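Visitor: Please take a close look at one part for me, the place where the two chains meet. I would like the strand pairing there first, and then the rest of the contact.

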Number of protein chains: 2
Amino acid sequence: MTARRPVRVGLIGFGTVGTGVVKILTENADLLERRLGGKIVLAGIADKDLSRDRGVKVDRSLMTDDARALIGRPDVDAIVELVGGHEPAKTFLLEAIAKGKHVATANKALLAASGPEIFAAASKAGVEVGFEASVAGGIPIIQVVKESLVANRIGAIYGIINGTSNYILSRMSHEGSTFEAALAEAQRLGYAEADPALDVGGGDSAHKLAILSAIAFGTPVDLSAVPTEGIAHVTPLDIEFAREFGYAIKLLAIAKQEGETFEARVHPTMVPETTLLAQVGDVFNAVYVVGDRVGPTLYYGRGAGSEPTGSAVVADLAAIARNIWTGSAGRVPVMGFTDEGRRPLRMKGMDEIVSHFYLRFTVRDEPSVLAAIAGRLGENRISIESVIQKGRAAGGSVPVVIMTHAAVERDVRTALAEIDRLSVVSAPTVLIRVEGGS
Amino acid sequence: MTARRPVRVGLIGFGTVGTGVVKILTENADLLERRLGGKIVLAGIADKDLSRDRGVKVDRSLMTDDARALIGRPDVDAIVELVGGHEPAKTFLLEAIAKGKHVATANKALLAASGPEIFAAASKAGVEVGFEASVAGGIPIIQVVKESLVANRIGAIYGIINGTSNYILSRMSHEGSTFEAALAEAQRLGYAEADPALDVGGGDSAHKLAILSAIAFGTPVDLSAVPTEGIAHVTPLDIEFAREFGYAIKLLAIAKQEGETFEARVHPTMVPETTLLAQVGDVFNAVYVVGDRVGPTLYYGRGAGSEPTGSAVVADLAAIARNIWTGSAGRVPVMGFTDEGRRPLRMKGMDEIVSHFYLRFTVRDEPSVLAAIAGRLGENRISIESVIQKGRAAGGSVPVVIMTHAAVERDVRTALAEIDRLSVVSAPTVLIRVEGGS
């Protein structure tokens, strides 16, 4: 093999993931060279905080607080952006691209919102944008979708892509705790941030889903149009009823393609307890990809954390290095489809979605109630799969829980609006969508 | 994008997987071009049987019964070998490589035995060898190990990589049927061949494990040294006891690396019922890859079948096409490590393996029996985790079942030899290894 010149990497953002990247490039340098046939060298690290001890040994001379100077260095081949958020991360990436540097990023929020602009700039400049680390941490879902499953029209891609929410729902399920108590525990353990809104509100999952559905279906995805519902309203009572029906409640991100339309949505979802997704506990992530040829496939692993996410960043750097050495930048289109091959699909509105539904009604304990509810459902083309009606409360309200067969969400909303106006109904009905049912 | 000339593929072996490849290249041609920016064209199909209807439309002029003529055609860029077995498959591959054709194959038996020879020839000729389809069918485990997890020293790779055996064990577990009955059902459904020895005897899993451990650890692997035990001796009784301890029995292929040694072995294995592997049913495959950075990751999907395996073949062809278009053949070393980067590790013998063990003793129902067994185990440094001793049989033999803590297999074998000589022991002790226990 001819000698391959070292590929020199500039890292911007020396936080949790940055530390993982530095550790891997340092501690597994020999292994990487044995695999790649060349070296990936850390040429510089930019961060505002030059003094904090990250628990990793770094040559002090590599560090700078001037990110733009690092981007401008002619000896740097690739820039890793791990600053997060929109600005200045976006400016850093666009500047690096403009200077002909390959880039890698874990920044899902930025890519979900400004991906097209960044990818177009990279395409024009002939540089790579690696974003394996932006979705599902260490799980190599981006390469799987863009390359490994290239033979497949992808019908669906869905799964658990927010570890914080999965941890909270797992605690609630195993210990019967409330959302608030489980969130507090997650914060105590460092699994949830002080402001958990992006995680438990579903926004983080929506960012990742927008990226996944764009590369799976070859369509632009308008992040603001992705219906997104978090887990704060999931109650121990619903988890308990779900279990009685044989289901677990997970925060799923779901995208499906059908003809010239697709859907993308994030919401708490009941999945059969016998499925692999239901078994995914703790902070782990798991993503199903269903191809028209391969059928269902699943990818499972740590969706966050310093070294798991660092593993994905370094995989991107390795691909960039291989492309530099073989002169093959642009070998795989950044979005998994060529620019000409991408094709806008219409995103379905939530009212068009077909799903099974879990409906928990809160009603006065009167004999005619079930008939009244069933009647309204039937009039709206919703058929009932099973019902749980529990023993009498002394004069108060009782829950009636119904699992429906497949129904259109618009019809369900119409029926619920009618039902919630009935005098026997004493609280708004709870709706949770169901996937993978019969 | 500059126009990319079509990449022309010659297919040898128009059987189950060949049909899948033809279907995908034909039916998803537009999708592939949108993803790749160029066409993959079927240039010819060689098979001994030119008349059988495969349920796929093929231009009759593409077909030939002369594989060597197809290999020799100057307009063919890549050869797909789906003949299976050793010869003439090996000759076809080596001839194609000698003529400068890239090749792709699903032939695990050939690669496990003659991989080094084929890979060396390809390396010398500067052509690619795609073998994604050789392990775990549609699951992209080869690309994951060679590329996506490149940042990781892989400590372990293990899982269910034979669908036939998994189907049989799943039936036995769910229906309490015997091995023979479940095998007969698998044969009736087309999940097992008339001669099932390679599947149920573990040989097929050993082939795949030899390939996986070679690319995961960067070491040569001597297939003949891989300890291989099939599932024919698994009984409903052991499945039932496993369940009482909270385990399922699966045929696992297991490879682990530690320092300068590695182990690779195939045998029925108890895995905790709460783990994902235990939930993998039917003919599905699932492979865990544990990296030092990413932690545990799992890959699940169809491990066999026409289109799932075809999906993997076409992924290889797509990678070959991308390399042709960008002039980057050899971009990723065929075995995941450069030739210089590979390093022989010592393969541990089975007697060195450390595992937990399930031991089912068949003993006369006498008070001193458990003490005698426990004594021999203790003398051999084996400590007991739990015991099931069932009610008395009228004068006959009863089972005593012991789960051990981690122990060295050599010690267990020594202890069992002593125990099986005791007069109170009336049948050879059954041993099943346990993974993932406490």
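Guide: Strand β11 of chain A (residues 295–302) runs antiparallel to β11(B), and three bridges join the two. Tyr299(A) has Tyr299(B) as its bridge partner in β11(B). Strands count as paired if DSSP finds at least two bridges between them; helices (H or I, at least four residues) and strands (E, at least two) are DSSP runs numbered from the N terminus.

The model is predicted, with local features needing pLDDT of at least 70 and side-chain atom pairs pLDDT 80 or more, while totals for chains, interfaces and linings use all residues. Residues are numbered from 1 along each chain as its sequence is written, and chains are lettered from A and ligands numbered from 1 in the order in which they are written.

The contact as a whole takes 53 residues from chain A and 53 residues from chain B, where contact means C-beta atoms, placed from the backbone, within 7 Å. On the side of chain B that touches chain A, at least two residues each come from α2 (29–36), α6 (141–148), α12 (276–279), β11 (295–302) and α13 (306–326). The largest share of that side, 10 residues, is supplied by α13(B). By class, the residues on this side of chain B are 24 nonpolar, 20 polar and nine charged. Here Ala, Val, Leu, Ile, Met, Phe, Trp, Tyr, Cys and Pro count as nonpolar, Asp, Glu, Lys and Arg as charged, and the others, Gly among them, as polar.

Technical notes
Contact = placed C-beta atoms within 7 Å.
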